[in-house]
Amino acid sequence: MKASQFFISTLKEAPADAEVVSHKLMMRAGMIKRLGAGIYNYMPMGLRVIRKVEKIIREEMDAAGAVECLMPVIQPAELWQETGRFDKMGPELLRVKDRHNRDFVVQPTSEEVITDIARQELRSYRQLPKNFYHIQTKFRDERRPRFGLMRGREFTMKDAYSFDRDMDAAGRSYDNMYAAYCKIFDRFGLQYRAVAADTGAIGGDRSHEFQVIADTGEDAIVYCPTSDYAANIELAEAVALLSARGAATQGLTKTPTPGKSTCEDVAALLGLPLTQTVKSLVLATDELDKDGLITKTQVWLLLVRGDHELNEVKAGKVEGLKGGFRFATAGEIDAHFGCKPGYLGPIGLKAPLKIVADRTVAQMADFVCGANEVDFHFTGANWGRDLPEPDVVADIRNVVAGDPSPDGKGELAIQRGIEVGHVFYLGTKYSAAMNATFLDENGKPKLMEMGCYGIGVTRILGAAIEQNHDARGIIWPDAMAPFTVVICPIGADRSEDVKQAADKLYAELKELGVDVLLDDRGERPGAMFADWELIGVPHRVVLGDRGLKEGQVEYQGRRDEAATKVAVADIVGHLK
Ligand code: ATP
Ligand code: MG
Ligand code: MG
Ligand code: MG
């Protein structure tokens with residue numbers, strides 16, 4: 001590529017709304033251009049990086065045996081109504097109507113559509129396992145789109161979905177994707193960590209987030225440097241809080257007074273910190289006997305950060321109480337709390353059920369919460385008043401660095417990360433809702449076991465920059481760089497030698513398949529170097545008259561302090 005043909009547009013200053021370094025640098029390097037909140041044009045320079053990211057993902061997904069397809073961005077609401085997500089998903093799901101007033105959604109993911117394909121196409125156990133993936137535009141109407149491509153509303157995701165005949169096979173599909181993800185993130189050249197994450201309503205221990213390590217990350221990761229324990233903070237907190245259960249139980253047998261005590265009272269009683277950044281309050285009990293009856297009036301608090309998907313309350317099992325609390329039906333919770341009920345699956349718990357009444361801070365004033373029986377509520381939970389969105393999770397955690405690791409193998413450390421990928425065992429959640437069955441060896445219909453696997457293609461650009469930059473600009477890992485090598489001729493308009501040498505080197509590198517750009521814009525050296533350092537091209541060759549007379553060019557890696565002289569005859573070998 002020649003710079004004169006390409007499109008290069010750099011800025012001295014970042015726009016005022018760019019808060020984090022990756023957003024600033026991507027704007028300054030002319031990689032993206034804002035069209036609306038959380039909506040960006042991918043400019044030619046940025047698109048090259050996106051294409052490289054996609055290529056690596058494709059190669060590794062194909063190598064892992066997944067098959068590519070492409071599902072529509074606009075999807076009929078009927079499928080989303082089948083799983084209930086059309087109503088349950090809340091405002092993050094963008095719903096649109098066509099001219100006939102029919103409902104559609106702009107896909108935030110594609111579980112429904114792929115399950116619809118699977119139930120029509122995968123009829124026999126002989127066709128399993130199958131893993132379909134696509135790389136497609138997503139839309140999520142994020143409450144707070146920010147940080148450029150990192151939390152956009154429109155963004156690109158690779159999402160894959162596996163279909164298996166039973167749980168064991170689904171486990172193998174999961175492991176296979178986990179391994180593929182490791183290869184993908186290794187190839188990007190990023191420092192990352194795979195951490196255990198909450199499995200929500202699904203249960204089990206098969207959910208991992210792939211987190212790119214960066215101080216500016218929105219997520220906190222808890223890990224043990226002396227073992228392989230690693231979890232996201234929500235999971236670690238939940239486990240830690242549950243272990244505070246002895247204390248919780250004790251306190252609650254005396255007070256708070258049902259119907260009178262506030263959440264602060266409850267929290268104070270339990271000795272659990274309720275800070276201003278708490279996003280949701282959960283009161284839960286899991287002391288169930290084998291019939292699903294609650295045996296003790298035990299309740300404790302879970303402070304949950306983050307947007308848990310609200311799922312249906314599994315209330316049927318826990319009728320007929322012995323203790324003072326029971327699980328409510330979805331309708332009851334709705335009526336009592338005026339909010340949607342949620343079911344937060346077993347987080348390191350033995351017992352299967354906990355009820356969650358989940359509200360965001362903004363909505364939490366005068367929130368009634370707690371046990372779902374008349375006269376047993378805790379009312380007046382008001383700490384949500386006028387509180388800002390929690391930007392920093394560090395404040396709310398009950399897990400701190402130095403705490404013992406749950407595996408007993410050392411102390412916990414905490415670092416920040418950016419979620420760039422997520423692998424998740426889904427079980428039969430979608431196949432059951434949509435009746436996606438296959439015929440097993442005995443000719444009996446069985447529900448398919450599913451997994452889903454996402455990678456935030458466009459978010460990866462931001463994450464890579466957060467991890468790799470300096471005062472001069474971006475430092476792309478080779479695998480992601482828009483161009484691998486830039487050739488900067490000095491004074492090519494005055495010196496035929498320089499022009500010829502630059503053209504020759506360019507042609508040779510192109511011939512070898514090196515992704516090279518020749519900067520033939522005729523810019524002054526200072527401006528030219530500043531552009532390429534900002535854009536973050538990893539390798540630069542400078543050709544000037546004086547050097548060429550000595551048979552030399554200058555090579556500088558983007559992380560190098562200074563240039564080194566390389567003989568003209570050696571430079572191609574040096575760059576290959
Ligand atoms: P987050 O916790 O950051 O909101 P998520 O858990 O909602 O992400 P998933 O549903 O797991 O996201 O989607 C798979 C991947 O898609 C994420 O790991 C992330 O890399 C990417 N992703 C999710 N939301 C966005 C967004 N708003 N902008 C860019 N990428 C996103
Ligand atoms: Mg999200
Ligand atoms: Mg997440
Ligand atoms: Mg996720």
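Trainee: Where is F147 found?

Mentor: F147 is found in the loop between strand 7 and strand 8, where helices (H or I, at least four residues) and strands (E, at least two) are DSSP runs numbered from the N terminus. This is a predicted model, in which local features need pLDDT of at least 70, side-chain atom pairs count only at pLDDT 80 or more, and totals for chains, interfaces and linings use all residues. Residues are numbered from 1 along each chain as its sequence is written, while chains are lettered from A and ligands numbered from 1 in the order in which they are written.

Trainee: Is F147 buried or exposed?

Mentor: A residue is buried if 20 or more other C-beta atoms, placed from the backbone, lie within 10 Å of its own, exposed if 12 or fewer do, and partly exposed in between. F147 is buried because 23 other C-beta atoms lie within 10 Å, and its phi is positive, near 65°, although F147 is a residue other than glycine. N435 likewise has a positive phi, of about 50°, without being a glycine, but N435 counts as exposed, since 11 C-beta neighbours lie inside 10 Å. The loop that holds N435 runs between helix 11 (429–434) and strand 20 (437–439). For the protein as a whole, 45% of the 576 residues count as buried.

Trainee: Which peptide bond is cis, with omega near 0°?

Mentor: The bond from L128 to P129 is the cis one, its omega being near 0°, and P129 sits in the loop between helix 5 (111–121) and strand 7 (130–139).

Trainee: At what angle do helix 1 and helix 12 pack?

Mentor: Two packed helices are described by the angle between their axes and the distance between the axes. The axes are lines fitted to C-alpha atoms, for helices over the stretch in contact, and angles run from 0 to 180 degrees between N-to-C directions. Helix 1 (residues 21–28) and helix 12 (residues 457–467) pack at about 105°, with their axes 8 Å apart, which means that helix 1 is roughly perpendicular to helix 12; angles of 65 to 115 degrees count as roughly perpendicular, those under 35 as roughly parallel, those over 145 as roughly antiparallel and the rest as oblique. Helix 1 contributes V21, S22, H23, L25 and M26 to the contact, and helix 12 contributes L461, G462, I465 and E466, a contact between two residues requiring C-beta atoms, placed from the backbone, within 7 Å.

Trainee: In what order do the strands of the mixed sheet stand?

Mentor: Two strands pair if DSSP finds at least two bridges between them. Five strands form this open sheet in the order 26-25-27-28-29, with mixed pairing, and the edge strands, strand 26 (516–518) and strand 29 (564–567), each pair on one side only. Neighbouring strands of the sheet are turned by 25° against each other on average, direction ignored. Strand 25 and strand 26 pair in the parallel sense over three bridges, and L517 in strand 26 is the bridge partner of V486. Helix 13 (residues 496–511) lies across strand 25, strand 26 and strand 27, running at about 170° to strand 25.

Trainee: What covers the buried residues of helix 14?

Mentor: The cover includes helix 2 (44–63), strand 24 (473–474), strand 25 (485–489) and strand 27 (539–543). In helix 14 (residues 525–535) the buried residues are M528, D531, W532, E533 and I535, and the helix is followed by G536, whose phi is positive, near 90°.

Trainee: How many residues lie between strand 1 and strand 2 in their hairpin?

Mentor: Two residues lie between these strands, and G38 in the turn has a positive phi of about 70°. Strand 1 (residues 32–36) and strand 2 (residues 39–42) pair in the antiparallel sense over four bridges, with K33 opposite N41 in strand 2.

Trainee: Which residues come nearest to ligand 1?

Mentor: F155, H422, G454, G456 and R459 come nearest, out of the 14 residues around ligand 1; a residue is near a molecule or strand if its C-beta atom, placed from the backbone, lies within 6 Å of it. Strand 8 (154–164), strand 19 (413–427), strand 22 (449–456) and helix 12 each supply at least two residues of the shell, and strand 19 gives the most, with four residues.
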